[in-house]
Each structure stands twice: as C-alpha cells, then as structure tokens.
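Please consult the sequence and structure shown here alongside the text.

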Amino acid sequence: MGVTSSNKIISTEQISCGGTLKVTLALSAAPDIISSPTDIVLALDRSGSMSGSPLFNMKEGAKAFIDIISESTGGSQDGEIGYGSRIGVVSFSDSATVNAQLITDVSDLKDAVDSLVAGGTTNHADAFAKSMALFDPLSSNAKVIVMFTDGKTTSGLPPAPVAAMARASGIIIYCIGLIGSDGIDVNELNNWATDPDASHVVVTPDAAELEELFEELAKNITNTGATNIVINEIVNSDFVITQLDMPTKGSAGMINLNTIQWRIDELGADANEGASLEFYIQHVALSSGFKQVNSSVTYSDNEGNVVLFPDPYVNVSCDITVTPDECPIPASEISVEGCQDVLSVDAGDVYLEDTGMILKLDATLKNVCPGRKSAMAMLLSEVDTDGNEISRGVKMFSIPAHFSPSCRDVKIKGVRFVIPDDAYDSTRENPDCPTRRFRVRMISHYSDGGAVCDEDDE
C-alpha cells in the first residue's frame, strides 16, 4: 500500500503575540496490495444532506477509487480487480444497505455507487456493522473500511463502540469527512479511525475536493511500504521551535531553530503502521494576522511515494499600540570613518520647550471593539505643598480603528507633558529635588457614532 495517508495538524487556531502551539506530523504506511491482497469496503453516506453536488462528487470519487485499485492490481484490461483483492459497497442513511458484496467486477461496483439516492438521517453505527459483516473472518486478506460522511450521527446506536469492535478485529478504518449542512464532529471521526488519528482522518469543507481525496487514498493504498523516509520540516520565520518530542517511530533532531529532520528506517513493510511527531513552536515576530505555520515540508523515501502535508494557518493576535506623541525627528546623522578614535561633531541647535520636567504617561484603553474609532483625553494636574491642584495640561487625540476578530485592549504609549517648576518655593525641604505629586484623569468614548446632520437641522 505504501504511505496511505499523511497529515499535519496544530493544537489551536489562534494564539497571542509570543504564544506557543503544538504541531503534529503524522503518516501511515502498509504493505503492497499485490503482495498483500486487501478487502476494502466503501461505507458511503447517502443521508438527506448529501443531495445535489455532494452526492455527485462523492460518487465520482468512489468510482475513481475503484478504478485506481483495479489498475494497480493488473485488472485494467478486463475490468476486474486482481491478485485476490476485492471491494464492497455499503451505503447508509436511516439504516445501512449492502449495495455490493466483496467482489472484483469494476462495472458492478460502479453501478452500485451510481444507484445511490440521498435522503433520510445518518446512522453510522449500522454502517460500521454492515461493513464488518462483509469481511470473511477466515480470509487472510487485509481488511479496510473507508468511511465517508458529511454529518453527525442523527439516528441509530452510538457508533464508537462498533468502530472499536472493528478495529479490535484487525480492520483498518479511514474516515473522509465533508463539512456539510448538518456539521461534522472531527473528534468523533478521530475516535472511529485507526490510530494515529492524524494519518487516518481527512476533512474538507469543499465537496469538489472529494474526488481528489478518494483518488489520493486509493493511490496510497496500492503502493508498497516505505523505507528510508526523510522528512524535513521548516517552520515560518515568524516562529521558532522551542521543543521537540521523541517521535513514535524513527528519530528526529533540530537542524536549527526553524528546521527539523525526521528519519524513519522502515514503515508499514509488514503490516499497517502509523507514526507521528510532535513539536512546539513560539511566535517571535511583532506582526499580527493569519500566519502559515510551515515554510516548507519535504518528503522522500526509497519507494518514491508522493506525500503532501497540509499547510495549516494560525491567527496571531498581537497587542494594539497607539503612540499619540511620536519621537522627535533626529536633528543630524553622524558617521564614523574607518579607525577614528576621537570625533568632534556639532549636533545642531535645540530650543527649550519649557523649563521643568517631562512626564511621559502610558495607559490601556479596555475592550475596544473592531472597526470603531475612539477619542481620548488625558487631564493632568499637580498637587502643590498646600494641597491645591494646579492644571498641567490636557492632551486629546483620536485612536484609529483596529480590525482584530473581537473586542480587545489598546495600549496608549508615551503621552508627554512638560511640567514647569512654578509650584515650589526655595524655602521648602530639599528644594533641588522635591517630591512632586500628580493626578491623572482620563476620558474616552467612541467617536464614530454615525450621527449626521439632517437638512432640517441646518
């Protein structure tokens, strides 16, 4: 069978700036279908939510799957599946129906697929039970169920115990999920499928991709087991690798902070076998947005298996910072030539803005909703030695809208006030470095309420 599936998943879809997430690489492999004949049951969802293009695309995918198995077992010329392998078809809605026993005739299998009509609820437990019943317990053939579904269980018994019984009897279960109108529970698919979940479950929101998914699975099933596997994972430069766990098979090491190499001497040469590798990455860039986790993933083995890993994205949400008072523009630029040890430079002129001190204030504006402009004012006063308040100025500024997915805090940085020395006299204690007390009052509101002047108001 070769490499039967590959996957890359991340532990969360959103992190903060500097946040960490877990990445899992997984793949599985099995022996060649010619040297290891295989009985395969296609368990196909025909519930009401499959009406229209989903049912059409599923049928095309299932028929492409049958063709690839036939061609790979030498039966392309006579329309048969060869070398002892067979395919059966089970469909399900309110209950499951055996549309084709385990047979080798390609035409009859395709007719069984084409006969499916959508309607009714979704009974996964009966689908697993009817699929299991097709296998001959005395046969030495490998046994595989390919479960396709577009929704959650809505009728019948809980399917997890039935799927567990199938796995315990040596049946390999793959799950293909379409996110249909009824929704889909990926955790349930993971519970049903053979471990590791990441290499036995694939989910798509697009029915047009179903034919491609069925074809890829069939091609992988027909290849041989993989040897001398080398996987090079390079993460996006916005992240660094902080922890690398030991893989379930083979060995892995960090080449640098962005690169991992995973090597496996042999996988799936004698029986279906899965392997997975987990590592952790931390966001180190300053920018927010949807970030692709990996820069590239390359795969090679001695058998020439073609393996593609998904490209997951994570939404990175960084702090929003507004700086009302920008830093002064540099007055001059200074260059030091060669090996000069001493340099005398005139840096230009500067004028006093006021006598006294500069007070720089930061603040956090809480829970600002996306797409809304804000206005803010800071009122500063100083308390003199007699307890009187002296105004030291008012700063008013606008805050541009942010476009994060939810309401969040905005940091206000470096609001500067120039404070004169007129609140103090020379007779007090420590007149050169007195202790000074200030009070800050802040007010803020949304500034885009949408009010406009009507013609009658003019």
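The points below cover aromatic pairs and charges placed over rings. The model is predicted. A search of the whole structure finds two aromatic pairs. A pair of aromatic rings is described by the distance of the centres and the angle of the planes.

**Pair of phenylalanine 128 and tryptophan 192**

- Phenylalanine 128 and tryptophan 192 are arranged edge-to-face, with 5.6 Å centre to centre and 80° between the planes.
- Phenylalanine 128 belongs to helix 3 (residues 124–134) and tryptophan 192 to helix 5 (residues 186–192), so this pair ties together parts that are 64 residues apart in sequence.
- Phenylalanine 128 has 0% relative accessibility and therefore counts as buried.
- Tryptophan 192, at 2% relative accessibility, also counts as buried, because the cut-off for buried is under 20%.

**Pair of phenylalanine 148 and phenylalanine 214**

- The pair formed by phenylalanine 148 and phenylalanine 214 is tilted, with 6.1 Å centre to centre and 50° between the planes.
- Distant parts of the chain are linked by this pair: phenylalanine 148 is in strand 7 (residues 142–149) and phenylalanine 214 in helix 7 (residues 210–221), 66 residues apart.
- Phenylalanine 148 and phenylalanine 214 are both buried.

**Charges over rings**

- Arginine 372 places its charged end over the ring of tyrosine 446, at 4.0 Å from the ring centre.
- Lysine 395 has its charged end over the ring of phenylalanine 417, at 5.3 Å from the ring centre.

Methods:
Residues are numbered from 1 along each chain as its sequence is written. This is a predicted model: local features need pLDDT of at least 70, side-chain atom pairs count only at pLDDT 80 or more; totals for chains, interfaces and linings use all residues. Side-chain values use heavy atoms; hydrogens and water are left out. Rings of Phe, Tyr and Trp (its six-membered ring) pair if their centres lie within 6.5 Å; planes under 30 degrees apart count as stacked, over 60 as edge-to-face and the rest as tilted. Helices (H or I, at least four residues) and strands (E, at least two) are DSSP runs, numbered from the N terminus. Buried means under 20% relative accessible area, exposed over 50%, partly exposed in between (1.4 Å probe, protein chains only). A charge sits over a ring if NZ of Lys or CZ of Arg is within 6 Å of the ring centre and within 35 degrees of the ring normal.
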